[in-house]
Amino acid sequence: MSDLDLFGTDRLVLSVWRRDQIGDLVRLHGDPVVAKYLSAHGQPWSMQEMEAALDDWIALFETRRLGKMRVRRKSDGVLIGRCGYGIYTPTGEPEIGYSLYPEFWGQGYAFEAASGMRDWIFRETDAPHFIGFADVRNAASLTVLERIGMTPTKVETSDEGMMCQFHIMVRPQ
């Protein structure tokens with residue numbers, strides 16, 4: 001593992017983004033299939049949106065040790081997507097999120113990365129809880145949130161303008 005690696009799971013390594021890795025994010029969030037559930041407009045992100053997200057994730061890690069992490073396979077180092085924490089603007093709560101390249105869907109990677117992030121936040125921070133949400137049409141993402149032990153709380157429009165099912169995970173006692 002490198003100095004940018006946050007932690008590893010059985011099959012994955014999660015690490016901090018660098019600015020020069022913008023091309024990987026362009027490939028991920030520029031894919032219409034991936035972008036479908038990432039915003040109300042459902043379109044691939046613009047370069048400006050991707051640059052702003054990457055800058056936010058890097059800064060969030062530097063200031064709070066949060067942020068969305070790069071997710072690579074341990075076996076061969078192949079980048080499969082991203083997973084980690086943003087800050088939900090309306091409430092200031094840590095918010096888990098993940099996005100994988102379509103060729104890696106259905107292989108348990110989102111569950112493994114999200115489970116690792118769940119364990120990491122309670123081990124490495126004093127966060128009393130975190131939230132997660134997904135577009136109500138995104139059954140696969142909602143399943144991951146429930147499989148990592150999150151509890152559904154409400155359905156409402158997110159700050160991105162999507163109708164979402166929200167979940168919460170409270171720090172275990």
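**Entry 1: F166**

I started at F166, which counts as buried because its relative accessibility is 2%. My cut-offs: buried is under 20% relative accessible area, exposed is over 50%, and partly exposed is in between (1.4 Å probe, protein chains only). Before going on, I noted that this is a predicted model, where local features need pLDDT of at least 70 and side-chain atom pairs count only at pLDDT 80 or more, while totals for chains, interfaces and linings use all residues. Residues are numbered from 1 along each chain as its sequence is written, and side-chain values use heavy atoms, with hydrogens and water left out.

F166 lies in strand 8. For helices (H or I, at least four residues) and strands (E, at least two) I use DSSP runs, numbered from the N terminus. I then listed what F166 touches, not counting residues up to four places away in sequence: Y88, G132, F133, T151, P152, T153, K154, E156 and S158. Contact here means heavy atoms within 4.5 Å. I also checked F166 against Q21: they are 145 residues apart in sequence and 30 Å apart in space, C-alpha to C-alpha.

**Entry 2: the whole chain**

I counted five helices and eight strands. From the N terminus on, the order is β-β-α-α-α-β-β-β-α-β-α-β-β. The radius of gyration is 15 Å, close to the 16 Å that the globule rule gives for 173 residues, so the protein is as compact as a globular protein of that length. (That radius is taken over C-alpha atoms, and the rule is 2.2 Å times the number of residues to the power 0.38.) The C-alpha atoms fill a box of roughly 40 × 40 × 30 Å along the principal axes.

Of the 173 residues, 50% count as buried. Taking contacts between residues at least 6 apart in sequence, I get 58% that join residues at least 24 apart.

**Entry 3**

I followed the pairing from strand 1 onwards. Two strands pair if DSSP finds at least two bridges between them. Strand 1 (residues 5-8) and strand 2 are antiparallel over three bridges, and a hairpin of three residues joins them. F7 stands opposite L14 in strand 2.

Strand 2 (residues 12-15) in turn runs antiparallel to strand 3, with four bridges. Here L14 has V71 as its bridge partner in strand 3. V71 also stands opposite G81 in strand 4. Strands 3 and 4 are antiparallel too, joined by six bridges. Their hairpin has five residues between the strands, and G77 in the turn has a positive phi of about 75 degrees.

How covered is strand 3? Mostly: of its seven residues (67-73), six are buried.

R65 has a positive phi of about 60 degrees although it is not a glycine. Its relative accessibility is 39%, so I put R65 down as partly exposed.

Which residues of helix 1 are buried? In this helix (residues 22-29) they are I22, L25, L28 and H29. They sit on the same side of helix 1 because they cover an arc of only 120 degrees around the axis. I take the arc from the directions from the helix axis to the C-beta atoms. These buried residues pack against helix 2 (32-35), helix 3 (47-64), strand 4 (79-88) and strand 5 (93-100).

Helix 5 (residues 139-147) buries S141, L142, V144 and L145. Down the axis they fall within an arc of 155 degrees, so they line one face of the helix. On the other side of helix 5, I find A139, A140 and R147 exposed. Strand 5, helix 4, strand 6 (129-135) and strand 8 (163-170) are among what covers the buried residues. After helix 5 comes G149, with a positive phi near 100 degrees.

**Entry 3: the cores**

A nonpolar core, for me, is a set of buried Ala, Val, Leu, Ile, Met, Phe, Trp, Tyr and Cys residues joined through side-chain atoms within 4.5 Å. The largest has 48 residues, and L14, L25, C83, I96, M117, I121 and F130 have the most contacts inside it. Helix 4 (residues 109-124) gives the most to this core, with eight residues. A second, separate core of six residues includes Y88, I131, M162 and F166, which brings me back to where I started.
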